[in-house]
Amino acid sequence: MPLALLALAIGAFGIGTTEFAVTGLLPEIAAEYDVSVSTAGLTATGYALGVLVGAPVTAIAGARVPRKRMLAWMMLLFVVGNIITALAPGFAMVLVGRVVASLAHGAFFGIGSVVAAGLVAPHRRATAIALMFTGLTLANVVGVPAATLLGQRAGWRLSFAAIALLGVVALVGVLTLVPRGAGDGAPGGGGGGVRRELAALRDRQVLLAMAMTVLGFGGVFAAITYVAPMMTEAAGYSEGAVTWLLMLFGLGLVVGNLVGGRFADRALMPLLLVSLTGLTVALALFTLTAHHQLAAPVTLVLIGLFGFATVPPLQKRILDRAADAPTLASAVNIGAFNLGNALAAWLGGLVLAAGAGPTWPSMVGAAMAVSALFLAALATRWDRADTAAPPRRAPGPLPSDEALPAAC
């Protein structure tokens, strides 16, 4: 695999770390600025909203910019945002820094997917995308715990300074390892301008894939957002045990990402059907297994595995269906992950507020995942219908003036 994928993976590692590390540092941030923990939680909310809005905005703004240059600009924006957060004199400036960093998230992964796919042969595109996303999955296993530990021991500001330094490394990697013109002329590349990028969003299969992203991976977050009360109240684990349980979940993400990338290149839609079925079953079972200390961590690994096994195939499907102008569609699909996360957390909270037990958010996730499975089956049916439909007959040439009958 090309070394350029390493630069993309490092960038993904940094972005994944800054996205989730803040959740482990909320008490320290709240204490420094004398705000409540719930108010400090706006640093996570603001980041998610920034990704959702920033993904299409930055993709449209850079529609005519070479993709290597756009990747470099996104990493520079990421570095600046984390430096603002690390040096923030007040809480409002922390929010500004978080939003600035989040604006790079969707475009980096969206454009990075196009570049990664353009670096390899067509039959290795999903594998290349998965290797880039390996950085994101490893962030949950290594980056987030390390940033949390550093912030708790040496101050939360140092954590964001270290993440900014990681962004500098990724920026240098993009500038030195990513070939000039990477992704610009590859299949699925092209940079056809704003109008062409917007036109790609009218494909019904592109929209269906985005809906699968919202519901499928959103189902994962319906359970994971509330995993701490599940594990402490239902399974009887201590609060300290939640950290290593989340690391097990992160290992499931890593394995699922690599499996998804490997098999999506061979049988994309069958893989989606299998992974969404497995995710539905695992989330439904977690409502029961979350009460048992032995079964709960096994189910957590399966949720992570089946959940992230959907990511490379969905991202590749977007690139395949929007082949002439994939940048915006790819970036918007990254925003769809965050929309799904927010929707799942909200629905899970409604269930808890209604008085359901601590494990019932997982059933919400199962309902979302089975909805995504239904959409995947519908997409497969449409694919078969498109394949079976006879090709349109091209209109013949218009008759010349001499061939027209003379007027009476």
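Biologist: Which residues does Thr287 touch, not counting residues up to four places away in sequence?

Modeller: In this predicted model, Thr287 has its place in helix 13, which covers residues 268-289. Leaving aside residues up to four places away in sequence, the residues that Thr287 touches are Thr359, Trp360, Ser362 and Met363.

Biologist: Is Thr287 buried or exposed?

Modeller: The relative accessible area of Thr287 is 7%. Buried means under 20% relative accessible area, and therefore Thr287, at 7%, counts as buried.

Biologist: Which residues have the most contacts inside the largest nonpolar core?

Modeller: The largest nonpolar core holds 85 residues, and helix 6, residues 91-118, gives the most to this core, with twelve residues. A second, separate core has 23 residues, among them Met212 and Leu373. Phe286 touches, among others, Met230, Met231 and Ile303, when residues up to four places away in sequence are not counted. Inside the largest core, the residues with the most contacts are Phe133, Met231 and Phe286.

Biologist: Which helix gives the largest share of the nonpolar patch?

Modeller: The nonpolar surface patch, of about 420 Å², is made by Leu49, Leu52, Val53, Val57 and Leu339. Leu339 has its place in helix 16, residues 326-353. The largest share, four residues, comes from helix 4.

Biologist: Why is Leu339 described as partly exposed?

Modeller: Partly exposed is the class between buried, under 20% relative accessible area, and exposed, over 50%. Leu339 belongs to this class because its relative accessible area is 39%.

How values were computed
Residues numbered from 1 in each chain as written. Predicted model: local features only at pLDDT ≥ 70, side-chain atom pairs only at ≥ 80, totals over all residues. Heavy atoms only, no water. Core = buried A, V, L, I, M, F, W, Y, C linked by side-chain atoms within 4.5 Å. Buried < 20%, exposed > 50% of the residue type's maximum accessible area, 1.4 Å probe, protein only. Helix = DSSP H or I, 4+ residues; strand = E, 2+ residues; numbered from the N terminus. Contact = heavy atoms within 4.5 Å. Patch = residues over 30% accessible without salt bridge, like charges linked within 9 Å, V, L, I, M, F, W, Y side chains within 5 Å. Areas by Shrake-Rupley, 256 points an atom, 1.4 Å probe, with all protein chains shown as cover. Salt bridge = Lys/Arg side-chain N within 4 Å of Asp/Glu carboxyl O.
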